[in-house]
Amino acid sequence: MLRASACVTSLLICFLCGALGMWGQSPQESQNKAFDFGTIGIEDEWQHTFQFENSGAQPLEIKDVQLTPPLVVTTMTPCVQPGKSGSVSVRLEKPRDKGEFRGAVAVNFRNEASKPLVFGVIGEIVPPIEFDPFPMFFVSTQRGQDKTASIEIISHEHETFEILRAEHTSSRFTTGVETLQPGRRYRLSLTLKGDGPAGRLDDTITLVTSSREHPFLEVQAHTKLNERVHTFPDSIDFGTISIDYLKAHPEMVESLANSLMVYQQGGKDFQISAGTDVPFLELSTSQANLKDRYEVRLAADSMR
């Protein structure tokens with residue numbers, strides 16, 4: 001049943017994209033153009049009525065209506081007499097995914113000579129508050145160098161709103177709010193300072209707004225301050241390794257190989273040596289062409 005439903009949905013989309021005009025050539029005429037509902041919110045109510053006319057000599061009896069989810073039929077004209085008009089009303093149900101929506105409403109008739117009518121439905125579904133690109137920062141910099149990143153906050157609420165202030169408890173970075181479109185669009189900037197403790201930290205920025213529905217918005221701030229010499233990644237987790245298993249299956253040793261990079265900011269002839277106190281690991285190093293970094297390769301030795 002699920003497979004059949006997926007096939008029907010795919011078929012309807014194909015009709016919408018490529019065969020809408022062909023299906024419209026039938027005894028009953030319709031305005032077979034895709035209806036664009038524009039931009040609506042994830043929770044907004046939306047419904048539309050499609051009209052069609054029976055220009056044939058026989059009554060048209062609707063057999064069924066196939067729709068792209070989450071469209072559903074609310075009302076329809078079950079039988080349309082010759083020369084009269086009929087209608088099918090549809091509603092966009094919830095839940096619904098944000099993003100571009102392309103759907104179809106296919107009206108099938110009991111009359112074998114009557115082709116289905118296919119109406120297109122297109123538009124964009126948006127959340128009440130949108131973050132572009134995401135409601136989070138990922139900012140990394142070197143010691144002594146400040147770095148700034150920004151995200152945009154767009155309101156699709158019916159009422160305009162303001163971002164009153166940005167609150168956080170970190171001394172690691174500063175924030176600023178810029179108005180791009182009053183009441184609708186704002187830019188939140190984060191500047192990571194090039195001093196302070198090195199390493200990775202996670203913080204929360206709270207935006208205080210004038211919205212009645214969303215008075216507080218949270219943005220995650222993931223920041224990292226690197227020393228002049230640093231590694232990526234910070235650590236490597238091999239998980240649980242069975243030495244006995246590796247001895248019995250030596251072909252699996254290669255799958256455990258891993259590597260990390262060691263960087264020197266601004267280095268021109270960076271040199272390193274690598275060693276380990278882990279008895280079953282073998283290390284090897286190679287310098288990159290830029291001379292400011294090394295790759296350290298880690299491999300398991302099943303014979304130890």
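**Putting labels to the test**

Mentor: Let's start with Phe134, which is found in the loop between strand E10 (129-132) and strand E11 (136-142). Keep in mind that this is a predicted model.

Trainee: Where does Asp237 lie, and how do you know whether to call it buried or exposed?

Mentor: Asp237 lies in the loop between strand E18 (229-232) and helix H2 (243-248). Buried would need under 20% and exposed needs over 50%; Asp237 has 70%, so it's exposed. Its C-alpha atom is separated by 9.6 Å from that of Asn258, 21 residues apart along the chain.

Trainee: Now the charged pairs. What makes Glu45 and Lys94 a salt bridge?

Mentor: The cut-off is a side-chain nitrogen of Lys or Arg within 4 Å of a carboxyl oxygen of Asp or Glu. For Glu45 and Lys94 the closest N and O atoms are 3.1 Å apart, so the pair qualifies. Glu45 sits in the loop between strands E2 and E3, and Lys94 in the loop between strands E7 and E8, so the pair ties together parts that are 49 residues apart in sequence.

Trainee: Are Glu45 and Lys94 exposed or partly exposed?

Mentor: Glu45 has 62%, so call it exposed. Lys94 has 38%, which falls between the 20% and 50% cut-offs, so Lys94 is partly exposed.

Trainee: How do you know that Arg102 and Glu100 form a salt bridge?

Mentor: Here the closest N and O atoms are 3.0 Å apart, and the limit is 4 Å, so the pair counts. Arg102 is partly exposed at 44%, while Glu100 is exposed at 62%.

Trainee: How many salt bridges does a search of the whole structure find?

Mentor: The search finds 15. There's also a network of salt bridges linking Glu152, Glu178, Arg185 and Arg187.

Trainee: Last one: what lines the largest pocket?

Mentor: That pocket has a volume of about 340 Å³ and is lined by 17 residues. Pro128, Glu157, His158, Glu159 and Glu213 lie nearest its centre. By class, the lining has 4 nonpolar, 7 polar and 6 charged residues.

Definitions and conventions. Residues are numbered from 1 along each chain as its sequence is written. This is a predicted model: local features need pLDDT of at least 70, side-chain atom pairs count only at pLDDT 80 or more; totals for chains, interfaces and linings use all residues. Side-chain values use heavy atoms; hydrogens and water are left out. On a 1 Å grid over the protein atoms alone, a cavity is a set of points where a 1.4 Å probe fits but cannot get out, and a pocket is an open set with protein on both sides within 12 Å along at least five of seven lines; lining residues have an atom within 4 Å of a point. Grid points are joined across faces, edges and corners, and a volume is the space filled by probe spheres set on the points. Ala, Val, Leu, Ile, Met, Phe, Trp, Tyr, Cys and Pro count as nonpolar, Asp, Glu, Lys and Arg as charged, and the others, Gly among them, as polar. Helices (H or I, at least four residues) and strands (E, at least two) are DSSP runs, numbered from the N terminus. Buried means under 20% relative accessible area, exposed over 50%, partly exposed in between (1.4 Å probe, protein chains only).
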